[in-house]
Amino acid sequence: QLIVSRIDYSNILYYGLPGRVLSGLQKLLNACVRFIFNIHGHQEDYTEYFRKCHILPISYRLDFKACLIAYKIVYGTAPGYLQEMVPLDDNWGQSRTTRMTNVTDPYRLKHPKMSSVNANSKLRRRRISVFLPIIWNELPLELRSIPNVETFKTRLKTHLFAGAFGVGDGEPMAEL
């Protein structure tokens, strides 16, 4: 548990890093699972062990942290600099009403405008102001609208767990 908490410390900074870097962190999580279950040698698939421990793979851990930060921004408990960096999208509901649906979504984050010069740069996609709205806005509205942070964390982990292990209704988050 100590090692897993160290991996989670500031793991939002790992978002958008190349797969080879993240695979090293995943190997560390695999080693933790081998230690917990006293598995000798290496094996290809640790999925069943991750399920038993309720440990999310590294990419889903990053999604969890990103969604938790976005939740705090939306509900006003994040530091001011984050709320300024990733504002709410106040205009979304006004422009999305049709005869068939009257959808308003007060929980959406605004995606920053892209200049054509750096719209697709790898470094730009690693900015919190770019990836946070993408990940957060992909979550189901029912999940984003939960007013209690503890309930949100529980349901978010269930959603991501379902996406990671193909159980239930969860879906993997977007690849950037």
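User: Helix axes are lines fitted to C-alpha atoms, and angles between their N-to-C directions run from 0 to 180 degrees. At what angle do helix α2 and α4 pack?

Analyst: This is a predicted model. Helix α2 covers residues 19–36. Its axis and that of α4 are 9 Å apart. The packing angle is about 100°.

User: How is α2 placed relative to α4, parallel or perpendicular?

Analyst: Take the angle of about 100° between α2 and α4. Angles of 65 to 115 degrees count as roughly perpendicular. So α2 is, relative to α4, roughly perpendicular.

User: Which residues of α4 make the contact with α2?

Analyst: By class, this contact has five nonpolar, one polar and one charged residues. From α2 come L22, L25, Q26 and L29. From α4 come I58, R61 and L62.

User: Which residue meets D8 in a salt bridge?

Analyst: The structure holds three salt bridges. In one of them, the N to O distance is 2.6 Å. D8 lies in helix α1 and its partner in helix α4, so the pair ties together parts 53 residues apart in sequence. The partner of D8 is R61.

User: What is the volume of the second largest pocket?

Analyst: Among the residues closest to the centre of this pocket are D8 and R61. V4, F64 and K157 are also on that list. Helices α1 (2–8) and α4 (58–74) each give two or more residues to the lining. The pocket's volume is about 230 Å³.

User: How many residues in that pocket's lining are charged?

Analyst: The second largest pocket is lined by 12 residues. Four of the lining residues are nonpolar and four are polar. The charged residues number four.

User: At what angle do α4 and helix α8 cross?

Analyst: Helix α8 covers residues 128–138. Its axis and that of α4 come within 9 Å. The pair is roughly perpendicular. The crossing angle is roughly 90°.

User: How many nonpolar residues are in the contact of α4 with α8?

Analyst: From α4, the contact includes A66, I69 and Y71. From α8, it includes F131, L132 and W136. By class, there are no polar residues and one charged residue. The nonpolar residues number 12.

Conventions
Residues numbered from 1 in each chain as written. Predicted model: local features only at pLDDT ≥ 70, side-chain atom pairs only at ≥ 80, totals over all residues. Heavy atoms only, no water. 1 Å grid on protein atoms, 1.4 Å probe; cavity = no way out; pocket = protein on both sides within 12 Å on 5 of 7 lines; lining within 4 Å. Points joined across faces, edges and corners; volume = space filled by probe spheres on them. Helix = DSSP H or I, 4+ residues; strand = E, 2+ residues; numbered from the N terminus. Nonpolar A, V, L, I, M, F, W, Y, C, P; charged D, E, K, R; others polar. Parallel < 35°, antiparallel > 145°, perpendicular 65-115°, else oblique. Contact = heavy atoms within 4.5 Å. Salt bridge = Lys/Arg side-chain N within 4 Å of Asp/Glu carboxyl O.
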